[in-house]
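Reader: Hi! Could you walk me through this one? I'd like the overall fold and then some detail.
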Amino acid sequence: SYSNSIAPIISSNCAFSGCHGDSAFQKFSLVSYDGIMNGGITAGSPEESKLYKVLKTLNDEEIMPKKPYNELSEKQIQLIYVWIGQGAKNN
């Protein structure tokens, strides 16, 4: 579910000051479900969702989170993949 699995991953790895938790700093905020959805989620299509693409890219310029922050684990990325594939519902 979004509230039990996805929100904690995003809030602890992406939505903090100086990153996507500060709407003045980035193009979009990942602090809320609406912000995440506006950040490039294509519900039902993880491969077409910007969030998934930036987590899986091999391009050092595009990958998120940026260094010096740690990359998400494969398990965390898989949870996001499944959530998006199941429709990215706010549940």
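Author: Happy to. Helices (H or I, at least four residues) and strands (E, at least two) are DSSP runs here, numbered from the N terminus. The chain has 4 helices and 0 strands, in the order α-α-α-α. This is a predicted model, where local features need pLDDT of at least 70, side-chain atom pairs count only at pLDDT 80 or more, and totals for chains, interfaces and linings use all residues. Residues are numbered from 1 along each chain as its sequence is written, and side-chain values use heavy atoms, leaving out hydrogens and water.

Reader: Thanks! What share of the residues is buried?
Author: Buried residues make up 33% of the 91 in the chain. Buried means under 20% relative accessible area, exposed over 50%, and partly exposed in between (1.4 Å probe, protein chains only).

Reader: And which residues have the most contacts inside the largest nonpolar core?
Author: Those are I10, I36, I41, L51, I80 and W83, in a core of 17 residues. A nonpolar core is a set of buried Ala, Val, Leu, Ile, Met, Phe, Trp, Tyr and Cys residues joined through side-chain atoms within 4.5 Å. The elements giving two or more residues to this core are α1 (2–13), α2 (33–38), α3 (50–56) and α4 (74–85).

Reader: Let's zoom in on α4, then. Which of its residues are buried?
Author: I77, I80, W83 and I84 are buried in α4. They sit on the same side of α4, because they cover an arc of only 125° around the axis, taken from the directions from the helix axis to the C-beta atoms.

Reader: Nice. What covers them?
Author: The cover for the buried residues of α4 includes α1, α2 and α3, with contact meaning heavy atoms within 4.5 Å. On the other side of α4, E74 and K75 are exposed.

Reader: Changing topic: how many salt bridges are there?
Author: The count comes to 1 salt bridge, taking that as a side-chain nitrogen of Lys or Arg within 4 Å of a carboxyl oxygen of Asp or Glu. K56 pairs with E74, and their closest N and O atoms are 3.2 Å apart. This pair links distant parts of the chain, with K56 in helix α3 and E74 in helix α4, 18 residues apart.

Reader: Is that K56 buried, partly exposed or exposed?
Author: K56 is partly exposed, at 35% relative accessible area. E74 counts as exposed, at 53% relative accessibility.

Reader: Last one: what comes just after α4?
Author: G87, which takes a positive phi of about 110°.
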